[in-house]
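Me: I am new to this structure. Please show it to me, and then let me ask what the labels rest on.

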Amino acid sequence: MKTSKPYYAVIFTSKLKSDDGYSNMAQKMEQLAKTQKGFFGMDSARNDLGITVSYWESLKAITRWKSNLEHIEAQNKGKTLWYKWYSVWICKVEHEYEFNHVS
């Protein structure tokens, strides 16, 4: 990420019990997150274990996102319909680096 430091990463890991409507909601939440003040980006992967990392300007921006009404609706559906289990970590990012092999 090319952004000012420090910033925050929210790491969301989960195991699904049902995918009924989950993929559509996940896409909707990604689009909604992109409109939130303080949102920097997101990385996501899903196999047996799903991992989504979203990047935020501040803890205040994360709190606003967690309390967004549409996001609350998705969280509630996640608890009742989609997830067997999930875990959330909020981390302060002070340093980053990457490797990119270009052919």
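Reply: One definition comes first: two strands pair if DSSP finds at least two bridges between them. The model is predicted, so local features need pLDDT of at least 70 and side-chain atom pairs count only at pLDDT 80 or more, while totals for chains, interfaces and linings use all residues. Residues are numbered from 1 along each chain as its sequence is written, and side-chain values use heavy atoms, with hydrogens and water left out.

Me: What makes β2 and β3 a pair?

Reply: The definition asks for at least two bridges. Strand β2 (residues 39-46) and strand β3 (residues 50-56) have 7 bridges, in the antiparallel sense. Therefore they count as paired. In one of these bridges, Ser 44 has Thr 52 in β3 as its partner. A hairpin of 3 residues joins β2 to β3.

Me: What counts as a helix or a strand here?

Reply: Both are DSSP runs, numbered from the N terminus: helices are H or I with at least four residues, strands are E with at least two. The protein has 3 helices and 4 strands. From the N terminus on, their order is β-α-β-β-α-α-β.

Me: Why is the contact between Asp 48 and Lys 15 called a salt bridge?

Reply: A salt bridge needs a side-chain nitrogen of Lys or Arg within 4 Å of a carboxyl oxygen of Asp or Glu. For Asp 48 and Lys 15 the N to O value is 3.3 Å. That is within the cut-off, so the name applies. Asp 48 lies in the loop between β2 and β3, and Lys 15 in strand β1 (residues 7-16), so the pair ties together parts that are 33 residues apart in sequence.

Me: How do you know that Asp 48 is exposed?

Reply: Exposed means over 50% relative accessible area, buried means under 20%, and partly exposed lies in between (1.4 Å probe, protein chains only). Asp 48 has 57%, so it is exposed. Lys 15 has 33%, so it is partly exposed.

Me: Which other salt bridges can you name, and how many are there?

Reply: The structure holds 5 salt bridges. Among them is Glu 70 with Lys 28, at 3.8 Å, N to O. This pair links distant parts of the chain: Glu 70 is in helix α3 (residues 69-82) and Lys 28 in helix α1 (residues 22-34), 42 residues apart. Another is Glu 94 with Lys 92, at 4.0 Å, N to O. Glu 94 is exposed at 58% relative accessibility, whereas Lys 92 is partly exposed at 47%.

Me: What makes Leu 59, Tyr 86, Val 88 and Ile 90 a nonpolar patch?

Reply: Patch residues have over 30% relative accessible area and no salt bridge; like charges are joined within 9 Å, nonpolar side chains (Val, Leu, Ile, Met, Phe, Trp, Tyr) within 5 Å. Leu 59 has 43% relative accessibility, which is over the 30% limit. Together the four have about 340 Å² of accessible area, by the Shrake-Rupley method with a 1.4 Å probe, where for residues only the protein chains shown count as cover. Strand β4 (residues 83-93) gives the largest share, 3 residues. Leu 59 sits in helix α2 (residues 59-66).

Me: How much of the protein is buried?

Reply: Buried residues are 32% of the 103 residues. The protein exposes about 7300 Å², and carbon and sulfur atoms supply 53% of it.
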